[in-house]
Amino acid sequence: MSAETGTERTGQAGGSEGARGRPSRRFPLITRDTARPEGGGRAAPGEAPAPARQWPLLCVLAGTAVGLLVTLGHFRTGLLTVGLSLLAGAALRWAVPSVGMLAVRSRFTDVVTYGLMGTAVVLLALMAQPAPLLEIPFLEDIVHFTIR
């Protein structure tokens with residue numbers, strides 16, 4: 001029987017402690033749980049009520065819900081509200097250090113995802129027929145080229 005090394009005992013690449021008695025900063029060889037995303041902590045102190053701790057997510061969800069309700073009467077205005085809510089989520093994720101459950105992935109990935117989706121919804125709402133508010137001249141040529 002061989003003696004156990006630090007790697008076998010803890011599952012970490014450098015053992016549980018480094019040369020000076022500090023814990024290793026290396027990732028473990030075997031992961032046992034999912035890491036919380038950067039900024040995924042509470043957005044308010046722990047003694048605050050549960051909804052207050054998730055205020056960034058609730059703001060984005062409330063804006064999206066209002067936009068969907070407005071869509072029933074005026075589709076373009078409602079979709080613009082939904083797109084602007086996603087863009088606000090991107091801004092919150094970028095600017096606020098701790099956003100609670102609005103943090104799903106890394107900060108960069110969340111900002112890019114929310115930003116691209118919000119921009120796409122806003123642009124599609126502005127280009128929607130009838131009477132589009134935004135016309136992109138080369139878009140019609142691309143559609144005609146791909147449909148031929």
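## The largest pocket

The lining of the largest pocket is made up of six nonpolar, one polar and two charged residues. Keep in mind that this is a predicted model. The volume of the largest pocket is about 160 Å³.

Which residues line the largest pocket? They are Met127, Gln129, Pro132, Leu134, Glu135, Ile136, Pro137, Leu139 and Glu140. Helix H6 (residues 137-147) is the biggest contributor to this lining, giving three residues.

## Helices H3 and H4

Two packed helices are described by the angle between their axes and the distance between the axes. For helix H3 (residues 55-71) and H4, the angle is about 170° and the axes are 6 Å apart. An angle over 145° counts as roughly antiparallel, so H3 is roughly antiparallel to H4.

On the H3 side, the residues that meet H4 include Trp55, Pro56 and Val60. Among their partners in H4 are Phe75, Thr77 and Leu92. By class, this contact of H3 with H4 has nine nonpolar, nine polar and no charged residues.

## Helices H4 and H5

Helix H4 (residues 75-95) also packs with helix H5 (residues 107-127): their axes come within 8 Å and cross at roughly 165°. H4 and H5 are therefore roughly antiparallel to each other, and their crossing is left-handed.

The contact includes Arg76, Leu80 and Trp94 of H4, along with Asp110, Tyr114 and Val122 of H5. What classes do the residues of this contact divide into? There are 15 nonpolar, five polar and four charged residues in the contact of H4 with H5.

Key. Residues are numbered from 1 along each chain as its sequence is written. This is a predicted model: local features need pLDDT of at least 70, side-chain atom pairs count only at pLDDT 80 or more; totals for chains, interfaces and linings use all residues. Side-chain values use heavy atoms; hydrogens and water are left out. Axes are lines fitted to C-alpha atoms, for helices over the stretch in contact, and angles run from 0 to 180 degrees between N-to-C directions. Helices (H or I, at least four residues) and strands (E, at least two) are DSSP runs, numbered from the N terminus. Angles under 35 degrees count as roughly parallel, over 145 as roughly antiparallel, 65 to 115 as roughly perpendicular and the rest as oblique. A crossing is left-handed if the near helix is turned anticlockwise from the far one by less than a right angle, and right-handed if clockwise. Contact means heavy atoms within 4.5 Å. Ala, Val, Leu, Ile, Met, Phe, Trp, Tyr, Cys and Pro count as nonpolar, Asp, Glu, Lys and Arg as charged, and the others, Gly among them, as polar. On a 1 Å grid over the protein atoms alone, a cavity is a set of points where a 1.4 Å probe fits but cannot get out, and a pocket is an open set with protein on both sides within 12 Å along at least five of seven lines; lining residues have an atom within 4 Å of a point. Grid points are joined across faces, edges and corners, and a volume is the space filled by probe spheres set on the points.
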